[in-house]
Amino acid sequence: MPVQAAQWTEFLSCPICYNEFDSSGHQPISLGCSHTVCKTCLHKLHRKACPFDQTPISTDIDLLPVNCALLQLVGAQVPDVQPVSLTGTAEIEHYEVCRVCVEELALYLKPITGAKGVVNLSPSVLSRPMQRKLVTLVNCQLVEEEGRVRAVRAGRSLGERTVTELILQHQNPQQLSANLWAAVRARGCQFLGPAMQEDALKLVLLALEDGSALSRKVLVLFASKTSIGHVVQLLYRASCFKVTKRDEDSSLMQLKEEFRTYEALRREHDAQIVHIAMEAGLRISPEQWSSLLYGDLVHKSHMQSIIDKLQSPESFAKSVQELTIVLQRTGDPANLTSLRPHLELLANIDHNPDAPTPSWEELESVMLAVKLVVHGLVEFIQNFSKKSHDTPQPQANSKYKTSMCRDLRQQGGCPRGTNCTFAHTQDELEKDALVQSNSIHFIYIAHLNNKNISKF
């Protein structure tokens, strides 16, 4: 039975015996499936297969090269020459170029601290998503065919994330929020702030979670009279409703069964906003999404999973084009335009799981391209980035127009203007309180009299 794989941040120790990798008894050996185990534990296996996923090991264990990238990260002595089970001088030469590229990339995972091979990656210049993808590449075994396939995919993933990071680095955080909500409004929707948005979703569920249906006429009236209408419009755009047409009467709107819990409805709601942002060419980090949609930073993983799900194979090439436009607008002081051929090479990699094993020439070109684009990102962050690496702090009060704008009160003006989620006048405060009260009342009445309302 397969054993449990280690966490990705524990890649400097053997996941079986938990000893830190070294150059003697616990040399790190990466397998074709990208799991890495010390040589001592590999020799103790009952069958020649990965202990985690049971992938067969096609090469003799003694002929699998030691992962020198991991050895250099733990400060162990790296062997000068290692015999590899490859045929022909050309293959060995390509392998050596690729190996050196991976080892140079692995150095970006420093500085490293921690006990028993557990790594603390926070001081790295690279973001956590970049670190994670780089760890995946470092654990690829290049002498095995499956390892080379995985290395190419890891290279493509690193290139795609590099483009996203560069676009994020060039965005104005203050303008980002305004651009996002402008894109949402352009599609007939609106975001009212984390607190009110959550309340509105829960009120919609209160009326419809039991499978009840409201007439479209009532929902339209509902949308025009209350702030919850903005949420209803987002949910309608996300196809959360089942629409039943009726002769000479308004259609019935019913929540689809899979969206009758808050978690499911909220995820679809968030995914719709992320999709709108992507259509508008906006790139927003998971931390920024968590702050914008929830007013906190604890929903990063939730937002990252939504972003990953919405990514398509064509997203990479589109992002490269978007980066080119951004660089033309900024003047490109770091000469990042020179990375475009390498990024396009990575974007053209076949993402199909059944793609053939890359040739050694293709693998070498991919590894060289990855090394150049990641190095370009690091150079830009170190020498040209104006952004702090500290995680953006959310606003203390994220409710929509339920408190007065601090900028207006302290400075006499607000740079966000009508896009501001805080109130600028006492009338706005009172109007919002009335709207919320009406929304709650409407939903409550709809909940109690659903069957009668459906006949309107």
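Me: Under 20% relative accessible area, a residue is buried. What percentage of the 456 residues of the protein chain count as buried?
Reply: The model is a predicted one. Its protein chain holds 18 helices and five strands. With the cut-off of under 20% relative accessible area, the buried part of the 456 residues comes to 49%.

Me: Are helix 5 and helix 14 parallel, perpendicular or oblique to each other?
Reply: Helix 5 covers residues 145–170 and helix 14 covers residues 340–347. Their axes come within 9 Å and cross at roughly 130 degrees. Roughly perpendicular ends at 115 degrees and roughly antiparallel starts over 145. The two helices are therefore oblique.

Me: Which residues of helix 14 meet helix 5?
Reply: Helix 5 passes helix 14 in a left-handed crossing. The residues in this contact divide into four nonpolar, two polar and one charged. Helix 5 brings Gly155, Arg156, Gly159 and Val163, and on helix 14 they meet Leu343, Leu346 and Ala347.

Me: Over what arc around the axis do the buried residues of helix 4 lie?
Reply: Helix 4 runs over residues 128–138, and its buried residues are Met130, Gln131, Leu134, Val135, Leu137 and Val138. These residues are on the same side of helix 4, because the arc they cover is only 160 degrees.

Me: Which elements do the buried residues of helix 4 pack against?
Reply: The partners include one strand, strand 1 (28–30). The others are helix 2 (68–73), helix 3 (89–106), helix 5 and helix 15 (360–383).

Me: How many of the nine residues of helix 11 are buried?
Reply: The buried residues of helix 11 are Pro286, Gln288, Trp289, Ser290, Ser291, Leu292, Leu293 and Tyr294. What covers them includes helix 5, helix 6, helix 7 (194–208), helix 10 (262–279) and helix 12 (300–310). Helix 11 (residues 286–294) is largely enclosed by the rest of the structure, because its buried residues number eight of the nine.

Me: Which residue just after helix 11 takes a positive phi?
Reply: The phi in question is about 75 degrees. The residue that takes it, just after helix 11, is Gly295.

Me: Is Arg185 buried, partly exposed or exposed?
Reply: Arg185 is in helix 6 (residues 173–186). Its C-alpha atom is separated by 10.0 Å from that of Ile276, 91 residues apart along the chain. Buried needs under 20% and exposed over 50%. At 34% relative accessibility, Arg185 therefore counts as partly exposed.

Technical notes: Residues are numbered from 1 along each chain as its sequence is written. This is a predicted model: local features need pLDDT of at least 70, side-chain atom pairs count only at pLDDT 80 or more; totals for chains, interfaces and linings use all residues. Side-chain values use heavy atoms; hydrogens and water are left out. Axes are lines fitted to C-alpha atoms, for helices over the stretch in contact, and angles run from 0 to 180 degrees between N-to-C directions. Helices (H or I, at least four residues) and strands (E, at least two) are DSSP runs, numbered from the N terminus. Angles under 35 degrees count as roughly parallel, over 145 as roughly antiparallel, 65 to 115 as roughly perpendicular and the rest as oblique. A crossing is left-handed if the near helix is turned anticlockwise from the far one by less than a right angle, and right-handed if clockwise. Contact means heavy atoms within 4.5 Å. Ala, Val, Leu, Ile, Met, Phe, Trp, Tyr, Cys and Pro count as nonpolar, Asp, Glu, Lys and Arg as charged, and the others, Gly among them, as polar. Buried means under 20% relative accessible area, exposed over 50%, partly exposed in between (1.4 Å probe, protein chains only). The arc is that of the directions from the helix axis to the C-beta atoms.
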